[in-house]
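Welcome! Have the sequence and the 3D view open side by side, and let us walk through this protein together.

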Amino acid sequence: MKFYELERDPSPRYTGNLNAAHKWGLPGVERCPVCDLPPEEYTMGQYPCVDLSGLPPEDQEKLLGSWPVPREEFTRLRELVRPLAPPYAVLTSGARFGPLQGTGLGYFGQLVMQNPWSLCMRREALEKLQSAGVRGLTGCSTQVRFRTKHAPDLRDIQLELHGRFHPDCLPPPNPPCPTCGVAMGHSVPDPYLLDAASLPEHVDIFRLADATTRIIAHEHLVDAVRSLELDGVVFKELEVR
């Protein structure tokens with residue numbers, strides 16, 4: 001069983017650029033006055049299929065920015081979102097919701113990574129992968145306006161969070177703050193190892209729980225992408241223990 005990290009294909013032909021973002025998001029939380037760490041973890045998780053337009057306008061307004069709020073207010077906003085989000089959603093600071101909105105320009109491949117933590121696919125590519133039996137692919141329409149001759153019909157991919165680093169690649173943990181109990185985290189190890197026991201068996205693509213800026217694929221998806229000759233991304237094999 002092999003796993004791979006997805007990366008944008010650096011070839012010059014992929015000139016596509018998305019100047020776009022998701023409409024809503026959970027804000028930050030005010031930092032501890034002693035250690036200056038936020039009491040909530042931060043995620044790059046994106047849930048484009050979650051529609052918050054039914055919330056009261058004053059609450060939607062508070063979900064448009066990322067400026068830190070008191071923890072009590074953060075908790076209140078999170079509980080407003082929870083019934084509208086899928087059960088697997090990780091509702092921490094930074095979680096984004098709603099369709100991707102903005103503009104696009106240039107040439108896009110079949111699979112599109114504007115950055116390491118986001119993934120879009122042309123509609124036809126998503127349908128081919130789903131027909132090939134790839135699991136874990138939920139795609140939602142975008143609201144991106146393309147200033148290009150042949151505008152792609154992109155689907156924003158919503159991913160579950162799974163997987164941990166293997167302890168062998170991690171430094172010793174930092175001590176927790178005596179005031180808030182939060183410990184400073186570590187940057188992503190380079191290279192990093194995946195803990196085999198933490199990897200999912202029911203999906204073929206997911207966002208890494210220990211580093212939400214990374215998107216990981218099972219070899220089943222990689223084989224399907226290659227056999228269907230879909231372009232736009234490259235795959236880096238990861239070590240699993």
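Predicted model: local features only at pLDDT ≥ 70, side-chain atom pairs only at ≥ 80, totals over all residues.

Strands here are runs of at least two residues that DSSP labels E, and they are numbered from the N terminus.

**Around H218**

- Is H218 buried or exposed? Its relative accessibility is 15%, so H218 counts as buried, the cut-off being under 20%.
- A polar atom in the side chain of H218 lies 2.9 Å from the backbone nitrogen of H220.
- If you set aside the neighbours within four places in sequence, H218 is in contact with M1, K2, F3 and D204.

**A four-stranded sheet**

- Look for an open sheet of four strands, which run in the order β5-β6-β9-β7 with antiparallel pairing.
- Its edge strands are β5 (111–112) and β7 (138–141), and each of these pairs on one side only.
- Strand β6 (residues 120–122) is joined to strand β9 (residues 154–158) by three bridges in the antiparallel sense.
- For R122, the bridge partner in β9 is L154.
- Helix α3 (residues 123–131) packs on this sheet and touches β5, β6, β7 and β9. The direction of the helix makes about 95° with that of β6.

**Salt bridges to find**

- E5 and R214 meet through their side chains in a salt bridge, at 3.5 Å from N to O. E5 lies in strand β1 (residues 3–8) and R214 in the loop between β12 (205–208) and β13, so this pair ties together parts that are 209 residues apart in sequence.
- Another salt bridge joins the side chains of R71 and E40, at 3.4 Å from N to O. Here R71 belongs to helix α2 (residues 71–81) and E40 to the loop between β2 (17–25) and β3 (46–47), 31 residues apart.
- R71 is partly exposed, with a relative accessible area of 41%, whereas E40 counts as buried at 11%.
- E40 and R71 also belong to a network of salt bridges that links them with R78, E79 and R82.
- D168 and R241 form a salt bridge too, and their closest N and O atoms are 2.9 Å apart. D168 sits in the loop between β10 (161–162) and β11 (193–194), and R241 in the segment after β14 (233–240), 73 residues apart.
- D168 is exposed, with a relative accessible area of 53%, and R241 is partly exposed at 43%.

**Aromatic rings**

- A pair of aromatic rings is described by the distance of the centres and the angle of the planes.
- How are the rings of F3 and F206 arranged? Their centres are 6.2 Å apart and their planes lie at 65°, so the pair is edge-to-face.
- F3 lies in strand β1 and F206 in strand β12, so the pair ties together parts that are 203 residues apart in sequence. Both F3 and F206 are buried.
- The rings of Y14 and Y107 have centres 6.0 Å apart and planes at 25°, so this pair is stacked.
- Y14 is buried, with a relative accessible area of 11%, and Y107 is partly exposed at 33%.
- Y47, Y88 and F97 form one aromatic cluster.

Conventions. Residues numbered from 1 in each chain as written. Heavy atoms only, no water. Pairing = 2+ DSSP bridges. Contact = heavy atoms within 4.5 Å. Axes fitted to C-alpha atoms, helices over the stretch in contact; angles between N-to-C directions. Buried < 20%, exposed > 50% of the residue type's maximum accessible area, 1.4 Å probe, protein only. Polar contact = N/O pair within 3.5 Å; in protein donor to acceptor, adjacent residues only side chain to side chain. Salt bridge = Lys/Arg side-chain N within 4 Å of Asp/Glu carboxyl O. Phe/Tyr/Trp six-rings, centres within 6.5 Å; stacked < 30°, edge-to-face > 60°.
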